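Me: I would like a close look at the surroundings of the ligand, with the elements and loops that can be described alongside it. Please give a connected account with the criteria stated.
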Amino acid sequence: MATIIVGGGASGVLAAAQLLLRGAEVTLLEPAVELGRGMAYSTKCPLHLLNVPAGNMSALPDDSEHFLRWLQSTRPGQYADCSFAPRGLYGEYIRSVLDEALRAGRGKFRHIRARAVGARVLPANVAIETESSDVLYGDAAILATGNAAQAGWPGLSTEVASSGRFFNSAWMEGAFETADRHAPVLLLGSGLTAVDALLALPHYGHRGKVYMVSRRGLLPQTHVLPVYRSIRQAHCARLRDLVRGMRTAASRTGALPAGWREAVDSIRPETNRCWQGFTVTEQRRFLRHLRPFWDTHRHRMAPQIGAVVQDSLRDGSLEILAGRTRGLRLVEDGVEVRIALRGCSETATLTAQRVVNCTGSDADLSRSINPLLRNLMEQGWLQPDPLRMGALADDRGALLPARGGWQPPLYALGPLRMGPLLESIAIPEIRVQARDLADLLMPE
Ligand SMILES: Cc1cc2nc3c(=O)[nH]c(=O)nc-3n(C[C@H](O)[C@H](O)[C@H](O)COP(=O)(O)OP(=O)(O)OC[C@H]3O[C@@H](n4cnc5c(N)ncnc54)[C@H](O)[C@@H]3O)c2cc1C
C-alpha cells in the first residue's frame, strides 16, 4: 500500500510511523525541514510547556508509558509522570517515534519538502500535485494539514497589516522580538496561545505591560494534580443531560484535591460519543453558549504557568480586558486600538507598540487559504463540516464528498476532524486516529 501523507506535524508523523510499522510505503509532503513539530512543537521557548502531564502524552495508544520512558532515557532524573515537559522537547520525541519505526525497517519512507497544491482522484489511485508541479501517486492520501492560520482580523486595514506592528499569528517569525522593551504589547485573545505569548515576550527581552483582549476575558484554568479519575461519567444522550451530569459530578468532587477537574476529565472518554449523539442544534448551542467555558476548563495550564499568569495580574504587568476591538489605527508610536467593553457602553482606547493575534487556529474551511484544501473543495471531494469546524468525514476519517455516493481514498486526520468529533486536536485523540487509519489502510 502506497500512502501519501500531506502534513508533517505530529499527526502526519504519527500516521507515518504507524503505517511504516505495518510495512507500508509512505511519502510525506511537508515543507519544513524538521518533521513532527508543526505549530505546537516548533517553539524554541523553554517556558512553553505541554498542557497535559507527561504520563498521558505517549504517542502510541498501546504503550501508555512510551513518552515517559523516552524522557527517562534521554533526560534521566528530570521528569516524572506528573511533569509538564517543554513542547520543543515533545517535538523531538515525536521525531524519535518516526525514527524508531524507520529502524524497524518494514516499510519505505520518503520526505518531500514541498507544499501540496492540488489533487486528482483517479479510478485506481490518488494523484497529489506539489507546488513545483511534481505529481505523486498513492493508493490513498491522508490529509494531516493541521491547525490553519487565521485569515485576518475584522476591520484590519492594509496600512496596519503591513506596518510590521501587527502579527496575525503568535507563531510568525519575530512576533515577540519587540523593538521597544518597555512599550505595551496587545495580545488579541486570552487563551492558551495568549498565555504562550505572555511567557515568550520576557524571554525575548520585553519588560513592558501586556494587555489581553477577548470577548469574555476568560483565562484558561490551571491544572491541580493529582486527578484521581475517581468518578465515571455516564453517557449523555442530550446536551441538557451533559450539563446536569457535569454539575452533579462537580458538586461531588469538592473535597478532592483537583475538585471540579475530576468532573471535567471524567467526561473525556465519552465526549466524542456524546457529541455525535447530539443534534446539530444542540451542537450549535454548545458552541455558542458553553464552548468558551468548556475550553477554559478542559484545556488547562500547567501549575507553574498558572502561577506566572497570576503573578503578572497581581503586579499589574498583565491586564485583561473583556470586549471586542472596534478599530485599529496606525499612530506615531504604535497601533491605537478601540475596544468596546463587554457589559457596558464604554469604549477603552489603548496604544500598543505591536498587536499579536493570539486567537489560535481557524477551523473554518470556507476561509481556508490552503491550496490543496481549496482545490479539493472546488472539486467537491472535500466539504466543510456544517459547524464550520474542519471537514465532513465519517467515523474512520474518510472524507464525505459533496456529491455523495462513492468515497475516494482520502482521509482526514487530527484538527481537520474537529467538527464530527469535537475532541480531535490533542495527542490522546491523534495517536488513536493515526493507529486506526493505519489498521484500516494496512489490515493484518
Ligand atoms: C500551541 C499549541 C499547544 C498545544 N499543546 C498541546 C499539549 O500540550 N498536549 C496535547 O495533547 N495537545 C496539544 N496541542 C494540540 C495538538 O498536539 C496539536 O494541535 C497537534 O500537534 C496537531 O498536529 P498536526 O500535525 O495535525 O497539525 P500542525 O501542527 O498544524 O501541522 C500541520 C503540518 O501540515 C503542513 N501542511 C499544511 N498544509 C500543507 C500542504 N498543503 N502541503 C504540505 N504540508 C502542509 C504544515 O506545514 C504543518 O507542518 C497544542 C496545540 C497548539 C497549537
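From what kind of ligand atom does a polar side-chain atom of Asn370 lie 2.8 Å?

Reply: It is a nitrogen atom of the ligand that lies 2.8 Å from the polar side-chain atom of Asn370; a polar contact here is a pair of N or O atoms within 3.5 Å. The model is predicted, so that local features need pLDDT of at least 70 and side-chain atom pairs pLDDT 80 or more, while totals for chains, interfaces and linings use all residues. Residues are numbered from 1 along each chain as its sequence is written, and side-chain values use heavy atoms, without hydrogens and water.

A polar backbone atom of Ala116 is 2.9 Å from a nitrogen atom of the ligand. In the case of Ser11, a polar side-chain atom lies 2.6 Å from an oxygen atom of the ligand. On its own, the ligand has 980 Å² of accessible area (Shrake-Rupley, 1.4 Å probe), and the protein covers 91% of that area.

Leu422 lies between helix 12 (418-421) and helix 13, and has a positive phi of about 65° although it is not a glycine. Most residues other than glycine have a negative phi. Leu422 is buried, with a relative accessible area of 11% (buried is under 20%, exposed over 50%, partly exposed in between; 1.4 Å probe, protein chains only).

Elsewhere, an open sheet of 3 strands has the order 4-5-6 with antiparallel pairing. Its edge strands, strand 4 (116-121) and strand 6 (135-138), each pair on one side only. Strand 4 and strand 5 (residues 126-130) are joined by 5 bridges, where pairing requires at least two by DSSP. Gly118 has Glu129 of strand 5 as its bridge partner.

The loop between strand 5 and strand 6 holds Ser133, a non-glycine residue with a positive phi of about 65°. Ser133 counts as exposed, at 54% relative accessibility, whereas Leu422 is buried.

Note on methods:
Helix = DSSP H or I, 4+ residues; strand = E, 2+ residues; numbered from the N terminus. Polar contact = N/O pair within 3.5 Å; in protein donor to acceptor, adjacent residues only side chain to side chain.
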